[in-house]
Amino acid sequence: MANNLTSAFTFALILCVSALSLIPHTTSLSSSFQFPPTQSTILPDPSSFFSANLLSTPLPTNSFFQNFALNNGDKPEYFHPYSINSSSSSLSISYPSLSSTSAFISQTFVPDLTISASQTSANLATANNSGRVISAFTDLSVILDFPSSNLRFFLARGSPYVTCNVSSPTAVSISTIHAILESYSSNSKTKFTVQLDNNQTWVMYTSSPANLIRSSPSTLTFHGYSGNIRIALVPGTDPKYVAILDRFSSAYPVSGEAVFTKPFTLEYKWEKYGRGDLLILAHPLHLHLLSNATVLEDFKYKSIDGDLVGIVGDLWELKSHNISVTWHSIGGVKQASYPEIVYALRRDVKALRSTPITTESSYFYGKLVARAARLALIAEEVNCLDVVPAIRKYLADAIEPWLDGNLSGNGFLYDPKWGGLVTQQGSTDRGADFGFGVYNDHHYHLGYFVYGISVLAKIDRAWGSKYKPQAYSLAADFINIGNRSNSNYLRLRCFDLYKLHSWAWRTD
């Protein structure tokens, strides 16, 4: 299992590292190619979800917090170890229970704790009719602001704490759907323990002394409080769990970047506020790849991805196996197999001439392009070079209409609203091109095209030079490694850099 996980992560790293060579570092942002702009009729308005300062930059369409920016933005997202749901006036935390059958494993959202605050008329007037906005995001974190309530939540992947900042004196309530069996504070009045009737115990830490009052049978309230509140579930009955949570309760992550600095290596760099070391949870694949971490092996939370284990520190280094990146097979082809391969190759190349592409679907069209490109590389490896010119012509005739924008019935267009590519058909029909117009499966559709373009550029350098800008623009849509490389596109749109896999548009 670990080897399979490592191989999957290594493949993702290969794609990302390959992007370093695809994106030209000498090309200025002003000269980056952009496909013709369009105004999609089916995409949601991002101004309903994001703060105004973010609207001029590309926005996430496949992120770990995507449910906060879909429909009403009120569906839960899983942050490990908590599921988080937010409405216009509150944020709910769930430590989800797992259920399983022979076919699947699922987790259920139950609002174990809900944080809300009193809303003042002055704050409501300045909140621009938006109760909750996404005000910042990075690879591993997101910030939610509730302007009318003075609340800001720092939500980080893998954090055992949910951190809330209260910007000015406010009545902050913590409610539950369970019965509160007991609640009590430390002598310093900066730590509060809450025991619920579902066998959960939660601890809350405040950055300054406070009074937590039982305002109703299911609600506790900090009256007139300002400062930080950190909330964590105690994952077991052993006193060591509380001791560890106490020890790391001061330092909290405000952002987290996933950085590619070395071959086959991914670094997590957390920015933290507060005193002391940072505590973040790692899933099993992290533990298999980590090379420089202090691991708290007995501090664990359960999750749908396996046990999450505590890691101390604000810098992680994840190292995968080195795999050669080459055009041809790593192990080579047995000489004795050449005749059979050449026979099949000639037959398939001949079929290319008699079966032109008739589909307008970006997905099926791209698959046919990638299949033909693969034939060219097979021909090189088995030294059947006389078929390569026919493949080159087929690829050029097939790809150029998409890059030149003269394909009849479809084509690539640029959506300035979210900052990415859509298709002509997908800009008006969310079901067209398997949802490409709502940012579904871009790494599949465009991956086929980029593969075909790369092979064609290999066998025809002049063609590659001519269409280089369009090729980089296609690649940047789903594997842009940084906005400095191409500011028209989001960074690594299709990759979950905490779970370490690729994904499509989130609609759950």
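Here are some questions and answers about a predicted model.

Me: Before we start, what kind of model is this, and what pLDDT do side-chain atom pairs need?
Reply: Residues are numbered from 1 along each chain as its sequence is written, and side-chain values use heavy atoms, with hydrogens and water left out. The model is predicted, and totals for chains, interfaces and linings use all residues, while local features need pLDDT of at least 70 and side-chain atom pairs count only at pLDDT 80 or more.

Me: How many bridges join strand 16 and strand 17?
Reply: Strand 16 covers residues 252-262 and strand 17 covers residues 265-273. There are 2 residues between the strands in this hairpin, and Phe264 takes a positive phi near 55 degrees. Lys262 has Thr265 as its bridge partner. The antiparallel pairing of strand 16 and strand 17 runs over 8 bridges.

Me: What does Glu317 form a salt bridge with?
Reply: A salt bridge needs a side-chain nitrogen of Lys or Arg within 4 Å of a carboxyl oxygen of Asp or Glu. Here the closest N and O atoms are 2.9 Å apart, and the partner of Glu317 is Lys262. Glu317 lies in strand 21 and its partner in strand 16, so the pair ties together parts that are 55 residues apart in sequence: the partner is Lys262.

Me: Is Lys262 buried or partly exposed?
Reply: Buried means under 20% relative accessible area, exposed over 50%, and partly exposed in between (1.4 Å probe, protein chains only). Glu317, at 10%, is buried. Lys262 has a relative accessible area of 39%, so the word for Lys262 is partly exposed.

Me: Which residue does Arg491 reach with a salt bridge?
Reply: The closest N and O atoms of this pair are 2.5 Å apart, and the partner is Asp139. Arg491 is in the loop between helix 10 and strand 24, and the partner is in the loop between strand 7 and strand 8, so parts 352 residues apart in sequence are tied together.

Me: How many aromatic pairs does the structure hold?
Reply: Rings of Phe, Tyr and Trp (its six-membered ring) pair if their centres lie within 6.5 Å; planes under 30 degrees apart are stacked, over 60 edge-to-face, and the rest tilted. By that rule the structure holds 34.

Me: What kind of pair do Phe50 and Trp418 make?
Reply: Phe50 is buried at 2% relative accessibility, and Trp418 is buried at 0%. Their ring centres are 5.9 Å apart and their planes stand at 85 degrees, so the pair is edge-to-face.

Definitions and conventions:
Two strands pair if DSSP finds at least two bridges between them. Helices (H or I, at least four residues) and strands (E, at least two) are DSSP runs, numbered from the N terminus.
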